[in-house]
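Let's take a friendly walk through a protein chain. Please have a look at the sequence and the model, and then read on.

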Amino acid sequence: LREVSMQKNNTGKYADVKNFLESYLLNKKMIEMLSYEREYFGAQSQGDGFLMLPGGDEVLLRSKMFNVRKFITTLENNNCKLLLYYHYIRGNSVERCAELLGISRTSGFRLKRRALELAADKYYSLFNSDGSPISSF
């Protein structure tokens with residue numbers, strides 16, 4: 001029973017850091033949408049529609065992307081860091097990352113799990129449970 005609850009806690013722990021890392025590509029897509037909106041629908045579109053974000057949001061989105069990139073670069077230099085960078089920043093699949101690292105597909109997924117464990121440990125040493133930073137990293 002204790003083993004199951006530990007596994008459940010680890011899954012939640014990984015989910016938080018995974019969500020943080022995945023926010024990079026989401027924010028990148030939102031910036032691309034803003035650019036598309038400006039180009040095809042006018043430079044100063046404002047409103048609360050799905051595609052219409054206030055102009056200041058682009059700065060906020062880029063700041064969030066910077067935080068994710070900075071977080072990954074603060075990790076220890078090893079294959080885990082490379083996998084996180086190529087998977088979450090560059091948007092490559094785990095299979096492609098494994099190929100780039102010269103390891104098997106299965107080893108790539110094991111490496112991703114290990115990388116998320118290391119990232120989660122680092123994440124929780126830097127952020128409070130509400131996502132606010134404990135200190136600057």
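Leaving aside its neighbours within four places in sequence, which residues is K81 in contact with? Contact here means heavy atoms within 4.5 Å, and the partners of K81 are I72, T73, L75 and E76. Before going further, a word on the ground rules: this is a predicted model, in which local features need pLDDT of at least 70 and side-chain atom pairs count only at pLDDT 80 or more, while totals for chains, interfaces and linings use all residues. Residues are numbered from 1 along each chain as its sequence is written, and side-chain values use heavy atoms, with hydrogens and water left out.

Now for the overall plan. The chain has five helices and zero strands, so named from DSSP runs numbered from the N terminus (helices are H or I, at least four residues; strands are E, at least two). Read from the N terminus on, the elements go α-α-α-α-α. Of the 137 residues of the chain, 28% count as buried. The word buried stands for under 20% relative accessible area, exposed for over 50%, and partly exposed for what lies in between (1.4 Å probe, protein chains only). Among contacts in the chain with a separation of 6 or more, 57% come from residues 24 or more positions apart.

Let's look at the inside next. In soluble globular proteins, nonpolar side chains tend to be buried together. A nonpolar core is a set of buried Ala, Val, Leu, Ile, Met, Phe, Trp, Tyr and Cys residues joined through side-chain atoms within 4.5 Å. The largest one in this model holds 27 residues, and V17, L21, F71 and L84 are the members that touch the most others. Helices α1 (2–41), α2 (57–73), α3 and α5 each supply at least two residues of this core. To see how one member is placed, take V17: apart from neighbours within four places in sequence, V17 is in contact with F71, L116, A119, A120 and Y123.

Back to K81, which belongs to helix α3 (residues 79–89). Is K81 buried or exposed? K81 is buried, yet has no salt bridge, and the nearest side chain of opposite charge, that of E76, is 9.8 Å away. For charges, Lys and Arg count as positive and Asp and Glu as negative, while His and the chain ends are not counted. A salt bridge is a side-chain nitrogen of Lys or Arg within 4 Å of a carboxyl oxygen of Asp or Glu.

How many salt bridges does this rule give? The count comes to three. One joins E58 to R62, with the closest N and O atoms 3.3 Å apart. Both residues lie in helix α2, four residues apart, about one turn of the helix. E58 counts as buried because its relative accessibility is 15%, whereas R62, at 47%, is partly exposed.

Another salt bridge pairs E95 with R105, and here the closest N and O atoms are 3.3 Å apart. This pair links distant parts of the chain, with E95 in helix α4 and R105 in helix α5, ten residues apart. E95 is partly exposed, with a relative accessible area of 32%, and R105 counts as exposed at 52%. There is also a bridge between E99 and R96, with the closest N and O atoms 3.1 Å apart. These two sit in helix α4, three residues apart, about one turn of the helix. E99 is exposed at 55%, while R96 is partly exposed at 36%.

Helix α4 (residues 94–101) has a buried side too. Its buried residues are V94, C97 and A98. Seen down the axis of α4, they fall within an arc of 100 degrees, so they line one face of the helix; the arc is that of the directions from the helix axis to the C-beta atoms. What covers these residues includes α3 and α5 (105–126). Just after α4, G102 takes a positive phi of about 75 degrees.

What about the cysteines? C97 counts as buried because its relative accessibility is 1%, and C80 is buried at 6%. A disulfide is a pair of cysteine sulfur atoms within 2.5 Å, and by this rule the count comes to zero.
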